[in-house]
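Subject: Structure handover

Hello,

Here is the structure for your files. My notes on what was found in it follow below.

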Amino acid sequence: MAVPSVAADIVAAEYGEPTTRYPHGALGDPVEHARLTVRLSDGQRLAARIPDALVFEDTAPRLADLDGDGGNEIIVVESHEGQGARLAVWGLVDGRLVRRAATPFIGRRFRWLAPVGAADLDDDGQVEIAYVETPHLGKTLKIVRLAGDRLLPVAEAKGLTNHRLGDPFIQGGIAVCDGRPTILTADAGWTRIVGTTFAKGRLTSRHRGPYRDKQDLDSPSGCD
């Protein structure tokens, strides 16, 4: 494909090349994807295919400017045939679509993670990425930050989840609640909505109401 101009930015991304080579089914069926395609602001398209040992095990790529340069990076979930999932960040480097950084794999086949979103959670000018590692088992909220070619862990909290096994969607997200960026998840038992904030390197969680269905978690009272 054509090399993009310097000013081109990623404006859209999607998964392609369906495959059943990693039949986990966390999202309701055994079909995952092997290709990531992006559209640039100048209309060009770039694509990358990951090795056969990997798949994109995810609902959709997520765009965010993670390094503050004014251009979007792409947040994805990659799963390895023997080591489970990892969070990865892709982006443009010298006109090529490449993986820029990734967390370690969870370490076991069919162990997954569910992204929550990305935002400047503590108002320090740096964007954090939130995700739940093993949302069906360990239920651990983790916060990482892109630093060069690494995703640095900055905080975590247990007992939180955003996905039920077999659902084709991920619940919750990041919203502004009571004037602060807030990570919205459920508690481990799916009975309460939990809002978690990040400040001074620490996560603080509080209940924001009962959980009854997806709509409660997507738009809880007091959050925009």
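Which residues of strand 10 lie on one side and which on the other, and are they buried or exposed? Glu128, Ala130 and Val132 are on one side, Ile129, Tyr131 and Glu133 are on the other, and all are buried. Buried means under 20% relative accessible area, exposed over 50%, and partly exposed in between, with a 1.4 Å probe and protein chains only. Six of the six residues of strand 10 are buried, so the strand is largely enclosed by the rest of the structure.

Some ground rules before the rest. This is a predicted model, with residues numbered from 1 along each chain as its sequence is written. Local features need pLDDT of at least 70 and side-chain atom pairs count only at pLDDT 80 or more, while totals for chains, interfaces and linings use all residues; side-chain values use heavy atoms, with hydrogens and water left out. Helices (H or I, at least four residues) and strands (E, at least two) are DSSP runs, numbered from the N terminus.

Two strands pair if DSSP finds at least two bridges between them.

Strand 9 and strand 10 are joined by six bridges, and alanine 119 has glutamate 128 as its bridge partner in strand 10. Strand 10 (residues 128–133) also pairs with strand 11 (residues 140–147), over five bridges. There, valine 132 is partnered by leucine 141, and alanine 130 stands opposite isoleucine 143. These two strands form a hairpin with six residues between them, and threonine 134 in the turn has a positive phi of about 45 degrees.

Strands 2 and 3

Strand 2 (residues 32–40) and strand 3 run antiparallel and are joined by five bridges, with threonine 37 partnered by alanine 47. Their hairpin has four residues between the strands, and glycine 43 takes a positive phi near 95 degrees. Strand 3 (residues 45–49) has a covered face, Leu46 and Ala48, and an uncovered one, Arg45, Ala47 and Arg49.

Cores

A nonpolar core is a set of buried Ala, Val, Leu, Ile, Met, Phe, Trp, Tyr and Cys residues joined through side-chain atoms within 4.5 Å. The largest has 20 residues, and Leu66, Leu87, Trp112, Ile129 and Leu151 have the most contacts inside it. Strand 7 gives the most to this core, with three residues. Another core, of 17 residues, lies apart from it and includes Leu46, Val76, Leu97 and Phe105.

A pocket

The second largest pocket holds about 160 Å³ of space. A pocket is an open set of points on a 1 Å grid over the protein atoms alone, where a 1.4 Å probe fits, with protein on both sides within 12 Å along at least five of seven lines; lining residues have an atom within 4 Å of a point. Points are joined across faces, edges and corners, and the volume is the space filled by probe spheres set on them. Strand 12 gives the most to the lining, with four residues. Tyr131, Lys142 and Leu151 are among the lining residues.

Regards
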